[in-house]
Amino acid sequence: MLQSISSLDGHTLLLLCLSLGIALAFEFVNGFHDTANAVATVIYTKSLGARSAVVLSGLCNFLGVSLGGIAVAYAIVHLLPVDLLVSVNSTIGLAMVFSLLVSAILWNFATWYLGLPASSSHTLIGSILGVGLANALREGLPLGSGVNWHKAAEVGLSLFISPVIGFVLAGALLLLLQRLLKNPTLHSPPVGNAPPPLGMRAALIASGLGVSLAHGSNDGQKGVGLIMLILIGIVPGVYAINSDATTEELLGVRQAAAQFTDYFDAHRLEIEKFYQNGDIAELPAKTSAVSCDVRGAVAASEAIQQCLAQYPSIAAVPAAERWTLRTDILCLDDAARVMAGLATTSEERQKLDGLRTTLRRPTEYAPSWVIFAVSLALGCGTMVGWKRIVVTIGEKIGKTRLSYAQGASAQIVAMGTIALADGLGLPVSTTHVLASGVAGTMAAHKSGLQMRTLRSIAMAWVLTLPAAMLLGAGLFFLFAGLA
């Protein structure tokens, strides 16, 4: 693999290194931009000193990335059809990469400077969507070809619903704590530098570290996905397929492809009738990085079997054939998704879901060095820049200062919500979940809400996605024009 990269011409190698450097810079900015979400209540309630809280948060963010898996990472990868980065010329592909990275960093810096708990997730996703749409417009293609709208809708829904969940559940948890814990100290704002009672202090510290761990797992995976998008797009001969996949995985892909062909043959009449009736209005539809109809996927299935039958391992597949193999696998996966929608029994759907999991395994991976680099960037970023947003969360959301019970309620709900989204492979905003959780506890406690602050947060919430899209699209047109 290192030999393949070292064989790149100097210009491409320089641009690759620059792209990776900017991607890690985004993750560093993400770290200090979102640090307050994990440490605000811990610091504000005097549960831990600022230095200790930030360092522990950084370590937990590091561990979160390392242990979090890659499901969220590939939700990011599939937002922008990665084949665009290969199908367009390399200069335009690099302009797309630089545009989405720079626009995401600029918006993060702007909202951090203003002390607004805006979402790095919204920013990154908006930048990706903006670049995809701009490229489609520039090439005179349908706008649907520039973005995976199925995945975008799924991600958008998770980003929209998660703050509502945070608001409602944090308020409900606070009301429960008020019933169970009668000590008035727990429901009052901190006084001086005295720490909270021991049990509440332990809960605040544990939930704060849990938020950091969940943030690292979810947000860190976005950085992993971003770097994989760059690597697959710029060096497809090296990273399109996992060279470290085992022989058993190779055999599993071959067998899954053969099973798909058998399944198609067994349901041919049913599927052809489905198409003749026009039940799917438009195919191919952009529902994965590569999309094709079920009938066209049979050729992909045969191509996969023929390709893998020639080699003892995926590492032995020549670089020139790896992108084609990846495309065939994703085509077949998309067809399996369509067929799963036709399945009449849960057993059939489970079988097809298992088929898709097996097929995608060599295409959805991240080298250990990528995970380590993102972990390090996010962890180091977490250790700086936290002060601006801590004050917003602690004092400017409600009309009274944050109490111990309110802080614990918001953190526990944020930790659980983000961890659940991580398990489902959905990117969510740590910022919005925690800030809405704090607002929910203020509403439940009838403390009153500072509408000016909430309006600012809401404006950042509403404007981040379109602003990042416009910024990403504008920078793409600028960089593409200079190319």
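1. R356 sits in helix α15 (residues 346-360) and D333 in helix α14, so the pair ties together parts 23 residues apart in sequence.

2. A word on the ground rules. This is a predicted model, where local features need pLDDT of at least 70 and side-chain atom pairs count only at pLDDT 80 or more, while totals for chains, interfaces and linings use all residues. Numbering runs from 1 along each chain as its sequence is written, and side-chain values use heavy atoms, leaving out hydrogens and water.

3. D333 also meets R360 in a salt bridge, at 3.0 Å from N to O. That pair links helix α14 to helix α15 across 27 residues, and both partners are buried.

4. R360 in turn bridges to E364, with the closest N and O atoms 3.4 Å apart. E364 counts as partly exposed because its relative accessibility is 23%. Through shared partners, D333, R356, R360 and E364 form one network.

5. Now for the fold: the protein chain has 20 helices and 0 strands (DSSP runs, H or I of at least four residues and E of at least two, numbered from the N terminus). Of its 483 residues, 56% are buried. In helix α14, 17 of the 24 residues are buried.

Notes. Buried < 20%, exposed > 50% of the residue type's maximum accessible area, 1.4 Å probe, protein only. Salt bridge = Lys/Arg side-chain N within 4 Å of Asp/Glu carboxyl O.
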